[in-house]
Amino acid sequence: YLSEDIIAACTDENGEIDKDKIDRELMKLNEQNYDNEDFDEKQKELMQTSDLVKHRLKLIDHARKQMKEGITMNYDITVKTIPERYAATVQMVIPRYEDEGMLWNMLGECRKPLIPADPCLSAAQFLDKEYKEENVEVLIWMTVKGTYEDTEHVHFRTLPAVKVASCILKGDYSRMGEATAAVASWIHDNGYESDGPMFNIYHVGPAQTTDPDEFVTEVCFPVK
């Protein structure tokens with residue numbers, strides 16, 4: 001992830017991005033004798049910083065708007081470490097977030113029946129740096145035990161331990177945006193930094209029940 005000094009240089013004390021500062025940074029580069037490779041790398045770094053901060057601020061702004069509208073966000077946000085885990089994974093660009101089921105169906109490619117780990121965690125991680133309406137990159141994973149051969153779309157690997165700030169959302173997915181914004185705002189307000197793409201763990205989902213009111217989803221943001 002990008003250095004904190006660059007992020008600080010491009011945001012004000014309220015965590016809001018300052019486009020003028022980014023422009024000044026780019027102008028400074030023009031005035032220096034960077035070769036093309038150095039210039040391109042620095043410019044890429046600045047633009048990535050801009051995209052990352054914009055995405056975080058959108059989530060925070062969404063949370064603030066909801067609070068102004070009187071929406072109570074009673075989420076118990078905790079920081080914990082999810083241990084290393086062996087999982088079946090599928091990563092692909094799909095048309096929309098709603099098409100996530102396409103990836104879960106691909107687990108059926110495996111010739112050998114998958115044996116769920118105990119406990120079994122099933123999650124979807126959203127790899128794009130910002131919200132997109134279409135062509136979204138998603139990684140799904142389900143913890144398993146045993147040994148398996150990779151298929152065209154399913155790859156088995158050990159995922160590293162990860163420290164996350166998370167909250168539990170009970171019920172259907174209509175409040176997913178609200179829960180996501182609440183965690184992002186909490187991270188900003190409590191001195192943590194995002195440290196990777198967020199993901200949702202489906203403790204109880206469509207695979208376990210047909211009643212959306214019984215869904216239990218854990219919204220997770222890797223932090224440092």
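**Reading the model**

Modeller: Start with one residue and its neighbours. Leaving aside residues within four places in sequence, Ala-88 is in contact (heavy atoms within 4.5 Å) with Leu-107, Leu-114, Ile-140, Trp-141, Met-142, Val-144, Val-154, His-155 and Phe-156. Note the source: this is a predicted model, where local features need pLDDT of at least 70 and side-chain atom pairs count only at pLDDT 80 or more, while totals for chains, interfaces and linings use all residues. Residues are numbered from 1 along each chain as its sequence is written, and side-chain values use heavy atoms, with hydrogens and water left out.

Biologist: Is Ala-88 buried or exposed?

Modeller: First the scale. Buried means under 20% relative accessible area, exposed means over 50%, and partly exposed lies in between (1.4 Å probe, protein chains only). Ala-88 is at 0%, so it counts as buried. It lies in strand 2. Its C-alpha is separated by 9.5 Å from that of Ser-122, 34 residues apart along the chain.

Biologist: How many helices and strands does the protein chain have?

Modeller: Both are DSSP runs, numbered from the N terminus: helices are H or I with at least four residues, strands are E with at least two. The protein chain has 5 helices and 9 strands. In sequence order the pattern is α-α-α-β-β-α-β-β-β-β-β-α-β-β.

Biologist: What can I say about the chain as a whole?

Modeller: Of the 224 residues, 40% count as buried. Among contacts with a separation of 6 or more, 75% are between residues 24 or more positions apart. The protein chain exposes about 13200 Å², and carbon and sulfur atoms supply 47% of that area. Accessible areas come from the Shrake-Rupley method with a 1.4 Å probe; for residues, only the protein chains shown count as cover.

Biologist: Which residues have the most contacts inside the largest nonpolar core?

Modeller: The general idea: in soluble globular proteins, nonpolar side chains tend to be buried together. A nonpolar core is a set of buried Ala, Val, Leu, Ile, Met, Phe, Trp, Tyr and Cys residues joined through side-chain atoms within 4.5 Å. Here the largest one has 33 residues, and Val-138, Val-183 and Val-219 have the most contacts inside it. At least two residues each come from strand 2 (85-94), strand 4 (122-126), strand 5 (136-145), strand 7 (162-170), helix 5 (176-189) and strand 9 (216-222). Helix 5 gives the largest share, 6 residues. A second, separate core has 12 residues, including Leu-139, Leu-159, Val-164 and Ile-201.

Biologist: What does Val-183 touch?

Modeller: Not counting residues up to four places away in sequence, Val-183 touches Ile-77, Ala-165, Cys-167, Val-219 and Phe-221.

Biologist: How many salt bridges does a search of the whole structure find?

Modeller: A salt bridge is a side-chain nitrogen of Lys or Arg within 4 Å of a carboxyl oxygen of Asp or Glu. The search finds 4. One of them joins Lys-80 and Glu-218, with the closest N and O atoms 2.7 Å apart. This pair links distant parts of the chain: Lys-80 is in strand 1 (residues 78-82) and Glu-218 in strand 9, 138 residues apart. Lys-80 is partly exposed at 35%, whereas Glu-218 is buried at 4%.

Biologist: And the other pairs?

Modeller: Asp-99 pairs with Arg-96, with the closest N and O atoms 3.5 Å apart. Asp-99 is buried at 18%, while Arg-96 is partly exposed at 43%. Lys-132 and Asp-128 also meet in a salt bridge, at 3.8 Å from N to O. Lys-132 is partly exposed, at 30%.

Biologist: Which residues is Gln-125 in contact with?

Modeller: Gln-125 lies in strand 4. It is buried, at 14% relative accessible area. Leaving aside neighbours within four places in sequence, Gln-125 is in contact with Glu-137, Val-138, Leu-139, Trp-141, Pro-197, Met-198 and Phe-199. A polar atom of the Gln-125 side chain lies 2.9 Å from the backbone oxygen of Pro-197.

Note on methods
Polar contact = N/O pair within 3.5 Å; in protein donor to acceptor, adjacent residues only side chain to side chain.
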